[in-house]
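This report looks at aromatic residues and what surrounds them. Start with the view below.

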Amino acid sequence: MIKLGRYNSLRVSRFSDYGIYLTDDAPENPTEILLPGRYVTDRMAIGDTLEVFVYKDSEDRPVAVTEHPFIQVGEFAFLQAAQVNKFGAFMDWGLPKNLLCPFSEQKVKMIPGGIYLVYAYFDKESERVVASAKINKFLDNVYPDYQAGQEVKALVIGHTEIGYQVIVNNLHRGMIYDNEIYEPLELEHTVTAYVKNVRDDGKIDLTMTAPGTVGRIVKIGDKILDMLQNGTFTLTDKSSPEDLDTQGEDHAADEARYFCMARPIRPRLPVSAPAGGALDILDIKELPPRVAMERMEIREL
């Protein structure tokens, strides 16, 4: 069965003057749909299976395209209102015909050029794909059956004083706390995150750290400290990954560098105690340039 507003895998059944016809090969009453000529290439042949997006064109006919819209049925996305008329706002979703968000589905009155978070769904009454900005009714309608450490997709929709609000897998509300983030997230972007906890209220706490990553950093950190205390440490931020015993982890060099940057160790300065009892600094010429400059500043004080 061909699904409107979604990607479909369809077989090329025949060619025509207007393009090629694709079929779903349903056992009973198979359906054919046109892929217009502007999407047809010389490499397409009868019997090929194509991944196409299906929606209704400007003449309200189901049509297949090889373009990739910004959203499909069952998904949330930030879309820009291209036009507003008496029917509602028409959102740019990356296809020739814009996606309608009726006035009844607008949370605030939309204006041309505005960007809004919407959900795409199939309206059974009009038999069309439409958008809704009233996102609450499409969230948390199924039980959040997630396991700790499970990888998910998170759409960043806002920021509060404690962290980033996200939509998890187009189904649930979630939160990525600021202390779980190592670089700022961008609103409207979808990121890969990992489940940390499912709260009693159904909200999901996420982390940006993949399972096991913290353990690797601690292990590398212990090795670095041991080398500093009991041996020679020749690694710098310019060292190659091969200089570390990475055991196949090609990002271990970065982790080691981050560990060092977070715990800088200053060189110990040579000092002597003069007869008066106060510590005096040795000849500045014997010190490294940066350390010598620091000593000069102290002496001037």
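## A charge over a ring

The charged end of Arg-14 lies over the ring of Tyr-21. It is 4.0 Å from the ring centre. The model is predicted.

## Aromatic pairs

The whole structure holds seven aromatic pairs. One of them joins Tyr-7 and Phe-53. Their ring centres are 5.5 Å apart and their planes meet at 70°; over 60 counts as edge-to-face, so this pair is edge-to-face. Tyr-7 belongs to strand 1 (residues 6–16) and Phe-53 to strand 4 (residues 49–56). The pair thus links distant parts of the chain, 46 residues apart.

Buried or exposed: where does Phe-53 fall? Phe-53 counts as buried because its relative accessibility is 0%. Tyr-7 has 27% relative accessibility, so Tyr-7 counts as partly exposed.

## A stacked pair

The rings of Tyr-119 and Phe-138 have centres 4.2 Å apart. Their planes are at 20°, so the pair is stacked. Tyr-119 is in strand 9 (residues 115–123). Phe-138 is in the loop between strand 10 (128–132) and strand 11 (151–159). The pair therefore ties together parts 19 residues apart in sequence. Both Tyr-119 and Phe-138 are buried.

## A ring cluster

Which residues do ring pairs link into a cluster? They are Tyr-7, Phe-53, Tyr-55 and Trp-93.

## Around Phe-87

Phe-87 sits in the loop between strand 6 (76–85) and strand 7 (88–92). Setting aside neighbours within four places in sequence, Phe-87 contacts Leu-100, Pro-102 and Phe-103. Phe-87 and Cys-101 are 14 residues apart in sequence. From C-alpha to C-alpha, Phe-87 and Cys-101 are 8.4 Å apart in space.

Terms used:
Residues are numbered from 1 along each chain as its sequence is written. This is a predicted model: local features need pLDDT of at least 70, side-chain atom pairs count only at pLDDT 80 or more; totals for chains, interfaces and linings use all residues. Side-chain values use heavy atoms; hydrogens and water are left out. Helices (H or I, at least four residues) and strands (E, at least two) are DSSP runs, numbered from the N terminus. Contact means heavy atoms within 4.5 Å. Rings of Phe, Tyr and Trp (its six-membered ring) pair if their centres lie within 6.5 Å; planes under 30 degrees apart count as stacked, over 60 as edge-to-face and the rest as tilted. Buried means under 20% relative accessible area, exposed over 50%, partly exposed in between (1.4 Å probe, protein chains only). A charge sits over a ring if NZ of Lys or CZ of Arg is within 6 Å of the ring centre and within 35 degrees of the ring normal.
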